[in-house]
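Before reading on, take a moment to look over the structure as a whole.

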Amino acid sequence: MGRIGLSVLIVAAGFLYLPLVVLTVFSFNDSALMAFPLSGFTLEWYRELAQNDNFLKGFVTSFLIAQPVGILAMLFGLMASLALTAPGFRWRGLFAILLLVPFLVPKSVLSIAQAMIMSRVGFERGATALILAQSLVALPFATALISAVMVRFDRRLIEAARDLGASPWQAFLRVLLPQIRPALSGAYSVGVILSLADLTIAMFLAGRTQPLSLMVASEFRRELRPDLNAMQVVVLALTAALVGISELYRRRRLRKLAAEA
Amino acid sequence: MTFRQRHLALPVAVAIVAGCLAPLAVLVAFSFYEVEDFDLIPAFSFRAWGELATSATDWFLIGKAVLSGVTTTVFTALLGYPVALALTRLATSAKGLAIIVLLTPLYTGEIVRIYAWRIVLGGEGLVNTVLQGLGLIDEPLKFLLFSPFTIGLVLTYNNLPFMVLAIWVSAEMVDRRLIEAARDLGARPVDAFFRVIFPLTTPGLAAGSLTVFALSAGEMLTPSLLGGTSGATAMALVDNLFGTAFDWPLASALALALLATLFLVASAMAGLLLRLKGARAVIGRT
């Protein structure tokens with residue numbers, strides 16, 4: 001690895017992490033003004049945050065919405081991947097294009113169209129609508145993750161299991177599932193993460209539900225506040241923890257699979 | 001008929017048709033409806049489309065969305081190539097870590113990123129303070145925040161990881177020996193890039209461009225929260241027509257016109273990139 005390559009990577013990482021580092025630094029800065037020079041270290045903003053009931057409610061709401069999104073993205077991604085890799089599936093090309101639709105249509109257009117159709121048929125906007133719409137947006141990502149692993153899977157293993165008397169369901173549970181479990185947990189995390197990160201869909205479909213992102217957005221239009229900084233850092237840390245845990249889990253599974261092989 | 005694995009496509013297809021295609025189809029229907037006393041009345045009226053066709057503002061905003069998507073694509077590609085090529089040189093063990101480093105910023109919420117940039121670029125933000133500290137400027141640079149510059153910068157930031165990832169995957173598949181052969185035969189690094197690496201990575205560039213364009217052209221939050229007076233977007237106007245003005249036919253027509261324009265530009269862009277010699281060599285000599 002040359003010196004030029006290394007400096008390119010360092011500059012790129014600096015660019016990608018600069019805003020996040022600045023955000024973190026100011027969440028510990030002992031001043032209500034978001035300005036340099038720094039004034040000293042404080043945990044005051046985190047204390048204020050912990051006492052703010054609204055934010056805590058928003059946290060819980062976002063978390064409760066993100067869980068079903070992760071599960072739905074994983075289940076539908078699994079079904080889509082199984083279909084995509086099924087032998088003799090004539091509509092594979094068309095189905096693959098269909099799967100790209102939620103990814104290629106801008107989220108804003110999609111959510112506004114969904115909001116319109118829902119108000120016409122009398123489907124109330126709120127948590128359910130939000131969960132369904134976010135799952136749909138997460139579906140292409142989940143499918144890509146799962147099918148990337150599944151195309152490398154040797155179908156003959158399934159056939160062998162079937163020949164030895166396993167039902168299709170048993171073959172799936174005992175042969176395929178252990179192999180794709182890391183990908184499934186990845187798909188679940190992507191659903192959760194995309195849901196936590198989303199603001200656009202929530203703006204149109206949340207109704208009276210108030211996830212954290214929506215709350216921050218309305219505060220943010222008015223002013224910058226240090227306790228908002230602290231909250232963003234907490235959200236960031238939680239997301240990073242989620243990424244870290246699922247990555248560790250994935251690696252452990254892979255090691256275990258390698259050891260078994 | 002017994003159950004087959006491929007039948008699992010059905011529930012997924014139904015979900016996408018009901019959740020994506022049906023709403024878009026309804027948008028088409030609504031664009032021909034009429035509005036009376038804040039009520040949407042089924043009709044076959046060209047009022048909305050006529051209004052859209054003659055509105056200079058609407059077409060200006062649609063053009064702006066295309067421009068914003070194309071600019072973001074170009075910037076991410078220019079920045080993405082050196083990063084992606086540097087990544088291919090990493091040791092295999094470091095690559096797993098590099099993926100996490102690259103993707104983690106994507107996991108932060110849209111609002112977190114927007115918020116963080118406000119602190120970096122503001123009048124008393126990081127950039128201005130450092131530049132003033134170095135004595136390079138006397139007054140804070142005003143154009144950093146709430147300007148077209150801000151929108152371009154943040155959209156590039158938001159989408160760079162997607163572009164890097166797409167080019168990187170493509171570049172990993174280039175046979176290193178081809179580059180060495182070119183160098184041995186006397187090609188300078190620049191020539192080796194333009195005559196060997198670039199042509200062979202155009203499929204990745206095309207995939208990255210499509211992704212970045214789709215994600216950035218329809219974006220309305222970054223412009224509206226960081227663009228200041230230049231932050232008007234077609235989607236914000238659609239939102240306004242939908243929510244405040246209750247002109248659903250016009251909102252539908254505008255959203256559809258935007259979608260169709262973006263689709264045309266994206267197909268043209270992907271088609272152009274894939275027609276290059278290298279892409280044909282990679283994808284298959286049919």
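## The model and the fold of chain A

The structure is a predicted model, and the values given here should be read with that in mind. Chain A contains 11 helices and zero strands, and its elements, followed from the N terminus, run α-α-α-α-α-α-α-α-α-α-α. Along its principal axes, the C-alpha trace of chain A spans about 70 × 60 × 35 Å.

## Two helices that cross

Within chain A, helix α2 (residues 44-51) and helix α11 (residues 226-260) have axes that come within 8 Å of each other and cross at roughly 80°.

On the side of α2(A), the contact is made by A:Trp45, A:Tyr46, A:Glu48 and A:Leu49, while α11(A) contributes A:Pro226, A:Asp227, A:Ala230, A:Met231, A:Val233 and A:Val234.

## Where chain A meets chain B

The contact between the chains takes 75 residues from chain A and 75 residues from chain B. Together, chain A and chain B bury about 6,800 Å² between them, and 81% of that area lies on carbon and sulfur atoms. Between the two chains, 11 residue pairs are in polar contact, counting pairs with both residues at pLDDT 80 or more.

On the side of chain A that touches chain B, helix α1 (residues 3-27) of chain A gives the most, with 13 residues. The residues of that side of chain A divide into 55 nonpolar, 11 polar and nine charged.

## Salt bridges across and within chains

Side chains of opposite charge can pair when their charged atoms come close. Over all chains, the count comes to 10 salt bridges by the rule applied here, and across the interface of chain A and chain B that rule finds one. The side chains of A:Lys107 and B:Glu110 meet in a salt bridge, with a distance of 3.4 Å from N to O.

Inside chain B, B:Lys95 forms a salt bridge with B:Glu172, and their closest N and O atoms are 2.9 Å apart. This pair links distant parts of the chain, since B:Lys95 lies in helix α4 (residues 92-107) of chain B and B:Glu172 in helix α7 (residues 148-172) of chain B, 77 residues apart.

Conventions
Residues are numbered from 1 along each chain as its sequence is written. Chains are lettered from A and ligands numbered from 1 in the order in which they are written. Side-chain values use heavy atoms; hydrogens and water are left out. Axes are lines fitted to C-alpha atoms, for helices over the stretch in contact, and angles run from 0 to 180 degrees between N-to-C directions. Helices (H or I, at least four residues) and strands (E, at least two) are DSSP runs, numbered from the N terminus. Contact means heavy atoms within 4.5 Å. Buried area is the accessible area (1.4 Å probe) that two parts lose on being put together, summed over both. A salt bridge is a side-chain nitrogen of Lys or Arg within 4 Å of a carboxyl oxygen of Asp or Glu. A polar contact is a pair of N or O atoms within 3.5 Å; within protein, one must be able to donate a hydrogen and the other to accept it, and residues adjacent in sequence count only if both atoms are side-chain atoms. Ala, Val, Leu, Ile, Met, Phe, Trp, Tyr, Cys and Pro count as nonpolar, Asp, Glu, Lys and Arg as charged, and the others, Gly among them, as polar.
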